Amino acid sequence: MAYNLKEVVANKPSRFTEGHRMCAGCGAPVVARHILRALKEEDHAVIANATGCMEVSTFIYPYTSWTDSFIHTAFECAGATLSGAEAAYKSLKKQGKLPEDEHTKFIAFGGDGGTYDIGLQSLSGAMERGHDMLYVCYDNGAYMNTGIQRSSATPRFADTTTSPAGKVIPGKMQSRKDLTKIMVGHHLPYVAQSIAVNNMKDLYEKAEKAIYTEGPTFLNVMAPCPRGWGYATEDLMQINKLAVETCYWPLYEVIDGVYHITYKPAKKLPIEEFLRPQKRFKHMFNPGNEWMIEEFQKEVDNRWQELLDLEELTKNNSGLFKFS
């Protein structure tokens with residue numbers, strides 16, 4: 001159904017307010033603000049936030065940027081903390097201690113360090129147990145809050161403080177973990193991948209589906225970091241656009257196991273377009289390092305083709321992938 005995004009979204013009051021201390025040009029606050037706008041105005045939310053850039057910059061007692069209930073939880077346990085809150089809510093509802101017409105949604109936010117790595121166990125447990133909650137990973141591709149150390153979300157060849165690019169080792173040597181696909185493997189009713197800016201309609205609609213789909217859901221949203229990636233703060237939108245147009249960060253959703261690619265570039269750009277504006281990849285353009293770009297391009301191409309194949313396979317056999 002067609003609608004005016006500005007009228008539906010922009011006129012809603014922000015549930016993530018201005019005055020936070022996130023860096024200029026950071027994608028994370030855009031992610032939080034836009035996802036929370038997908039909530040119905042009459043609904044309440046309980047937010048759990050793993051330690052990281054967003055938590056330390058948005059909730060400095062006694063100040064907060066969150067208008068809903070907020071729980072700061074440790075790096076490793078946002079999934080466990082929020083699943084406990086959701087279980088308590090269900091129990092209180094069952095006991096009649098909460099009004100029938102009171103509706104609360106449960107949303108966790110964590111960076112890639114607290115999601116791909118340290119928090120993966122508690123996230124996996126919460127998803128497997130079937131809690132009615134949404135987990136959002138704002139993926140900035142490293143441990144940005146503690147000094148730009150590599151994480152399993154860091155792309156291959158990226159220069160970080162713990163995978164420095166030099167004469168012997170050309171940055172991080174391992175490929176980036178595909179966490180979205182790992183979440184699909186948990187047989188969730190809704191999993192999706194989106195971006196912080198550049199396609200607000202995509203993020204808003206996926207957030208709305210994720211919040212209002214019953215059961216455990218997961219969103220992986222790319223949230224560029226100007227300090228860790230090395231781009232000018234005003235280039236946030238351009239970095240997002242290039243990530244999508246090169247198919248480095250495809251936009252898609254998986255509903256009951258069926259893949260739907262929500263954006264396919266009319267003309268897929270070469271990966272150099274995404275790599276060149278970022279200082280973390282500048283060594284890849286030195287003479288003699290052409291092989292790194294070729295290897296990076298090959299990995300992006302293979303993952304994009306795999307996604308195209310999964311879309312075709314699951315759509316043609318959708319009855320086999322229905323999760324109950």
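Pockets and sheet in a predicted model

Student: How much space lies in the largest pocket?
Tutor: About 200 Å³. This is a predicted model, where local features need pLDDT of at least 70, side-chain atom pairs count only at pLDDT 80 or more, and totals for chains, interfaces and linings use all residues. Residues are numbered from 1 along each chain as its sequence is written, and side-chain values use heavy atoms, without hydrogens and water.

Student: What counts as a pocket?
Tutor: An open set of points on a 1 Å grid over the protein atoms alone, where a 1.4 Å probe fits, with protein on both sides within 12 Å along at least five of seven lines; lining residues have an atom within 4 Å of a point.

Student: Which residues lie nearest the centre of the largest pocket?
Tutor: Tyr89, Thr104, Lys105, Phe106 and Asp132, out of 17 lining residues. H4, strand S5 (104–111) and helix H8 (200–212) each supply at least two residues of that lining. Helices (at least four residues) and strands (at least two) are DSSP runs.

Student: And the second largest pocket, what volume?
Tutor: About 170 Å³. Of its 13 lining residues, Cys23, Cys53, Met144, Cys225 and Arg227 are closest to the centre. H3 gives the most to this lining, with 3 residues.

Student: Switching to the sheet: what is the strand order?
Tutor: S4-S1-S5-S6-S8-S7-S9-S10, an open sheet of 8 strands with mixed pairing. Pairing takes at least two DSSP bridges.

Student: Which strands stand at the edges?
Tutor: S4 (69–73) and S10 (258–261); each has a single partner strand, so one side of each lacks a neighbour in the sheet.

Student: How do S1 and S4 pair?
Tutor: Parallel, over 5 bridges, with S1 spanning residues 44–50. Isoleucine 47 has phenylalanine 70 in S4 as its bridge partner.

Methods: Grid points are joined across faces, edges and corners, and a volume is the space filled by probe spheres set on the points.
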